Amino acid sequence: MIAVLALIAGVVLGVVLDPTVPVALQPYLPIAVVAALDAVFGGIRAKLDGIFDDKQFVISFISNVLVAGVIVYLGDQLGVGGQLSTGVVVVLGVRIFGNVAAIRRHLFRA
Amino acid sequence: MTDEHRETGVGWPDEPGAAAAPETVTPRAASPDAAAPSPEELPPEESPAGERDAGERVPQRPEPVASGGSRPRGPRPAPEPDGLSEVDAPAEADPDAPAEPDAAAEPEAAPEDRRRPSAAGVMIGLLLALLGFAIAVQFKNVSTDPTLAAARQEDLVRILSDLEAREERLRADIAELEESQRQLNSGAQGRQAALEEARRRADDLGILAGTLPARGPGLHVHFGGPVKARAILDAVQELRGAGAEAMQISGGDGPAIRIVASSYFLDADGGITVDGRRITSPYTLRVIGDSETMRTALHIAGGVVESVAKDGGTVTDEPVTLVEVTALREPSAMQFARPVS
């Protein structure tokens, strides 16, 4: 419940404050968002499985975001930033789909 | 953060024991009680591995839905919180004791201690708020400038080079079109000039050929009394030699007759015949040209005036600023002559 409220509060804050993303961060923000979404869906699934762990969630959230950012940064330095970020998005997307499938099975038994 | 460091620092010595566990979830689930004393470090140590497991397990998961779902759930949460909180304190260093449970807090342990979930919960709330914030910002960012601001640097470079190539092509097109426009303009101008010139020449030739009316300064020359056709012809020749450009002659009756290169004069009873038409005295010549020169030519010694006077006629001339030569001559088609070019 707190988590949902925090998410909504964050969205509202983002809409109200309407900050501009620094140019240096622009390539990383979308990837970081996708990585965080992956962690969130993993957390929801773990919650439904009854194996949710606060610490694990926090660490996986942060590490997901950091690793995704580092990968994109490395890709940018190597000149394959576009391809690597596509790869990261694909991998995270697959994971999100898997987690959502598990959540769906939990919620609807189907 | 501090929790994380403490955890890993403690976790390292237990690596050999933990190494076997992270492989799969099943061994840990099978022997939670046996491992209870030592693996209080396991959950934290395993957390990254466990997270990875959670993700990687997904593809394998669908087949054993029932067993896989139930297996980790039962053994894992139940024994750990108890084992952790009790065994931790003695095994761990003293200062860590209060912090350790915080980090290891599990949802099932929440009812036990209100303080523990609040720290982790605050962390989770912060992270999720950050996520929501980032999502909103990114949405806004992408929607405000969907094309360029969100594009990567190499994409931008490619777009830029595309645009430059296109600009180059369009520039070439512009130059080409301007060139053809210039050509067409000059062609039109040339045609205009040629038309103008041709029209001017046609006017000149029309005046010479007597097919166009003309006006300009000149003389009115009146012949009175008996005048022979030869005298008129002499006068016409003399006036032409003096630069007359257009002439017409009219008699006491009958229409005016344009005098051109092929005009002829014949004596007829009571008058003369000009180009087949008969006119009678007095005659009037209307001449366009330099009046002074023509008058001098008429009055020259032994000239027209003298010879007409000798025959008993009179010639008077008056300079006129605007002589109108309105009589026209039908253009005659050439029977034999053809233009060379």
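The model is predicted. Just after α9(B), B:G210 adopts a positive phi of about 80°.

**Exercise 1. Determine whether the end-to-end distance of helix α9 (residues 153-209) of chain B agrees with its residue count, and whether the helix is buried or in the open.**

Step 1. The helix has 57 residues, and at 1.5 Å a residue these should span 84 Å.
Step 2. The number of buried residues in α9(B) is zero, so the helix lies largely in the open.

**Exercise 2. Describe the composition of chain A and apply the span test to helix α3(A).**

Step 1. Chain A contains four helices and zero strands, in the sequence pattern α-α-α-α.
Step 2. Of the 110 residues in chain A, 42% are buried.
Step 3. Among contacts in chain A between residues at least 6 apart in sequence, 68% join residues at least 24 apart.
Step 4. The 25 residues of α3(A) should span 36 Å at 1.5 Å a residue, and the end C-alpha atoms are 36 Å apart, which agrees.
Step 5. A:G79 follows α3(A) and has a positive phi, near 85°.

**Exercise 3. Classify the packing of α3(A) against helix α2 (residues 28-49) of chain A.**

Step 1. Two packed helices are described by the angle between their axes and the distance between the axes.
Step 2. The axes of α2(A) and α3(A) come within 8 Å and cross at roughly 150°.
Step 3. Angles over 145 degrees count as roughly antiparallel, and α2(A) and α3(A) are therefore roughly antiparallel to each other.
Step 4. The crossing of α2(A) and α3(A) is right-handed.
Step 5. Residues making the contact include A:Y28, A:I31 and A:A35 of α2(A), and A:F57, A:F61 and A:V65 of α3(A).
Step 6. By class, the contact of α2(A) with α3(A) comprises eleven nonpolar, five polar and one charged residues.

**Exercise 4. Classify the packing of α3 (residues 54-78) against α4 (residues 81-108) in chain A.**

Step 1. The axes of α3(A) and α4(A) come within 7 Å and cross at roughly 155°.
Step 2. That angle makes α3(A) roughly antiparallel to α4(A).
Step 3. The crossing of α3(A) and α4(A) is right-handed.
Step 4. From α3(A), A:A68, A:I71, A:V72, A:G75 and A:D76 meet A:G81, A:Q83, A:L84, A:S85 and A:V88 in α4(A).
Step 5. The contact of α3(A) with α4(A) has five nonpolar, four polar and one charged residues.

**Exercise 5. Classify the packing of helix α10 (residues 229-241) against helix α11 (residues 291-299) in chain B.**

Step 1. α10(B) and α11(B) pack at an angle of about 140°, with axes 9 Å apart.
Step 2. The two helices, α10(B) and α11(B), are therefore oblique to each other.
Step 3. Their crossing is right-handed.
Step 4. B:A235, B:E238, B:L239 and B:G241 of α10(B) make the contact with B:M294, B:A297 and B:L298 of α11(B).
Step 5. These residues divide into five nonpolar, one polar and one charged.

**Exercise 6. Is B:F265 buried or exposed, and which residues does B:F265 touch?**

Step 1. B:F265 is found in strand β4 (residues 265-268) of chain B.
Step 2. A residue is buried if 20 or more other C-beta atoms lie within 10 Å of its own; B:F265 has 20 and is buried.
Step 3. Not counting residues up to four places away in sequence, B:F265 touches B:A229, B:I232, B:L233, B:I272 and B:V274.
Step 4. B:I232 is 33 residues from B:F265 along the chain, and their C-alpha atoms are separated by 7.6 Å.

Technical notes:
Residues are numbered from 1 along each chain as its sequence is written. Chains are lettered from A and ligands numbered from 1 in the order in which they are written. This is a predicted model: local features need pLDDT of at least 70, side-chain atom pairs count only at pLDDT 80 or more; totals for chains, interfaces and linings use all residues. The expected span of a helix is 1.5 Å times one less than its number of residues. A residue is buried if 20 or more other C-beta atoms lie within 10 Å of its own, exposed if 12 or fewer, and partly exposed in between; C-beta atoms are placed from the backbone. Axes are lines fitted to C-alpha atoms, for helices over the stretch in contact, and angles run from 0 to 180 degrees between N-to-C directions. Angles under 35 degrees count as roughly parallel, over 145 as roughly antiparallel, 65 to 115 as roughly perpendicular and the rest as oblique. A crossing is left-handed if the near helix is turned anticlockwise from the far one by less than a right angle, and right-handed if clockwise. Two residues are in contact if their C-beta atoms, placed from the backbone, lie within 7 Å. Ala, Val, Leu, Ile, Met, Phe, Trp, Tyr, Cys and Pro count as nonpolar, Asp, Glu, Lys and Arg as charged, and the others, Gly among them, as polar.
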